[in-house]
Amino acid sequence: MADKQTYAPGSHPDLPPPPGTIGIVGWLRTNLFSSVNNTILSLITIYFLYWLIQSVAGWFVLDAVVDASSRAECREIDSGACWAVITKRIGQFVYGFYPHAERWRPNVAFVLLFVAVAPLLYPKTPMRRQLLWFSAAYPFVAYFLICGGILGLPEVGTNTFGGFMLTMIVGVTGISASLPLGIALSLGRQSRLLSVRVISIAFIEFMRGVPLITLLFVASTMLNYFLPPGTTFNLLLRVLIMVTFFASAYIAEVIRGGIQAIPKGQYEAADAMGLNYWQTTRLVTLPQALKISIPGIVNTFIGLYKDTTLVVVIGLLDPLGIGRAALADAKWNGLSTETYLFVALFFFVSCFAMSRYSLWLENRLSTEHK
Amino acid sequence: MAKSAKQSEIVVKIEDMHKWYGQFHVLKDINLEVAQGERIVICGPSGSGKSTLIRCINRLEVHQEGSINIYGTELSSDLKNLELIRSDVGMVFQSFNLFPHLTVLENCTLAPIWVRKMPKREAEEMAMEYLARVKIPEQANKYPGQLSGGQQQRVAIARSLCMQPKIMLFDEPTSALDPEMIKEVLDVMIELADTGMTMLVVTHEMGFANKVADRVIFMDGGEIIEQNDPKTFFTKPKNDRTKLFLSQILDH
Ligand SMILES: Nc1ncnc2c1ncn2[C@@H]1O[C@H](COP(=O)(O)OP(=O)(O)OP(=O)(O)O)[C@@H](O)[C@H]1O
Ligand SMILES: [Mg+2]
């Protein structure tokens, strides 16, 4: 330390950090090669990843067949995956049996979904106020677009819905309807009015205590007994209601946990300032409770989204159902790996997106609150 | 009685009031009159019911017997406009109880906007005035979690003042603070007292009591044991329990 520089007290300048502690080199050093053990583990992992990608890439991409008219034809062309089972039936995977000529309608509805959802999910959306009106109108817009029956749009029966379109319809409706219902139930469960409390608790406990699959069967058969004779009640609608009820019970419990984590002093401060129950709930309780509950809520949403595959048991053809139908075809027999991987990939992408969004939201809210 | 209980208007009138927590008789036969502009300090050992008493005044706690009148309105369970009475009675808590998800400014404007129906702009201007009064206007856009304890408590005071209350209740406002922050909060409270605000303060800060109070009330076991102007109270306490308490608290 011969050349150690000294400064008068109070005049020490800001110096750059020592070399190799920042930038890519710094990152590699701290994260992958910080110690002998870390270095060994990193090398093993890197080798494993290399081996995995190299052996799987061949099957997935390099040796794969995208265009063929049967499994046998695939095998003649190459030895890898036979994606032809997907490409030949991609229309069914996406739309089910929705009429070809009308498929632009769900497409438009899908694009509009992003317009409707953006102002809700992302507060900095341009023209957020005006767009929120569209968000409120979106359920009706989407309903009439997809089902038709007005403005010269031919009517399309819900029994033709299938594939990813069906998943999106059940998933998005279930998610957006179960959140408000879940909030209402969680408040109801803690209401001072005994009757409201009893009804909320009974509803939550019943919905949570029964497997979704039985609710779906109930939806497809039992509801007819309860309703006046002659009313036909669309099967898809029944499924939507059941899925929403089921998820809202879970949401209610997640939010209740969040509400209970709020210190008593928050209510006392709100009371002392003269805020009434609804103002306190809206301005003080819920914003804090929802923020705490984000991971649990998104967890429930992801569960709901994946549970939409259960509709296959009552005869609705979600992507899994379409896949099974494809596999039952003698031409494509035996391609279950490709089919299920494809469906799995679709679900993974959707669920991963939800998970990332929730992380982003948590981060944004937590920096605000620090 | 106390020097400024004068002939002025009685704003809080508590008569023969009792309160129980289940079987536990926490407040016994409380009688208390507070005049407009009067500054009252309440002290007493832990568990003597000081917090409970002042929380009864804005009905955060419900009493079972006797009566409490605020500006002539009796607090009872069939009271329709409890919120209106509460908005006239500000309260500052030991643990601040700021809303962590709102900025300092939003904390201050929340109740004026929603309870007083004040336009947002006006509420913000007023909030900035009060934040300046408690000497932290520059923190307006921070979140409570980014402030020191003393700053948070001053925000809490500003937040209460934004409702333009007629009476202010303080429940040990400095007990959760480090010594160097106690002074900044007490200074704000002294300035507030100088504006003529009616104040009921639960505190063990005897210097504050000496300087500001018109009357000091000593409670023990749920009863008001003794009350007097600060000078007499500190120099010539009558009751043995008061003497014991004062000797303990002034010892260190
Ligand atoms: N919610 C409650 N339920 C039952 N007992 C309570 C409740 N709150 C307070 N108590 C009891 O009532 C008594 C008076 O409490 P209070 O908080 O008014 O005392 P305090 O004089 O403010 O004491 P401290 O100086 O510790 O704040 C205590 O014995 C306390 O244990
Ligand atoms: Mg107390």
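Start by selecting Ile297(A), which sits in helix 13 (residues 277–307) of chain A; helices here are DSSP runs of H or I with at least four residues, strands are E runs of at least two, and both are numbered from the N terminus. Keep in mind that this is a predicted model, where local features need pLDDT of at least 70, side-chain atom pairs count only at pLDDT 80 or more, and totals for chains, interfaces and linings use all residues. Residues are numbered from 1 along each chain as written, chains are lettered from A in the order written, and side-chain values use heavy atoms, leaving out hydrogens and water.

Ile297(A) is buried, with a relative accessible area of 8% (buried is under 20%, exposed over 50%, partly exposed in between, using a 1.4 Å probe and protein chains only). Now show what surrounds Ile297(A): not counting residues up to four places away in sequence, Leu179(A), Ile251(A), Val254(A), Ile255(A) and Leu290(A) touch Ile297(A), contact meaning heavy atoms within 4.5 Å.

Next stop: Arg189(A), in helix 8 (residues 163–189) of chain A. Is this arginine buried or exposed? Arg189(A) is buried, at 15% relative accessible area. Draw the polar contacts of its side chain: one of 2.7 Å to the side chain of Glu253(A), and one of 3.5 Å to the side chain of Glu205(A). A polar contact is a pair of N or O atoms within 3.5 Å; within protein, one must be able to donate a hydrogen and the other to accept it, and residues adjacent in sequence count only if both atoms are side-chain atoms.

Now colour by chain and go to the interface. There, 24 residues of chain B are in contact with 20 residues of chain A. The two chains bury about 2,000 Å² between them, 62% of it on carbon and sulfur atoms; buried area is the accessible area (1.4 Å probe) that two parts lose on being put together, summed over both. Select Phe99(B), His101(B) and Trp114(B): they supply 29% of the area that chain B buries against chain A, more than any other three residues.

Last, select the residues lining the largest cavity, including Ala269(A), Met273(A), Arg86(B), Phe93(B) and Met163(B). A cavity is a set of points on a 1 Å grid over the protein atoms alone where a 1.4 Å probe fits but cannot get out, and lining residues have an atom within 4 Å of a point. Strand 6 of chain B gives the most to this lining, with 3 residues.

Notes:
1 Å grid on protein atoms, 1.4 Å probe; cavity = no way out; pocket = protein on both sides within 12 Å on 5 of 7 lines; lining within 4 Å.
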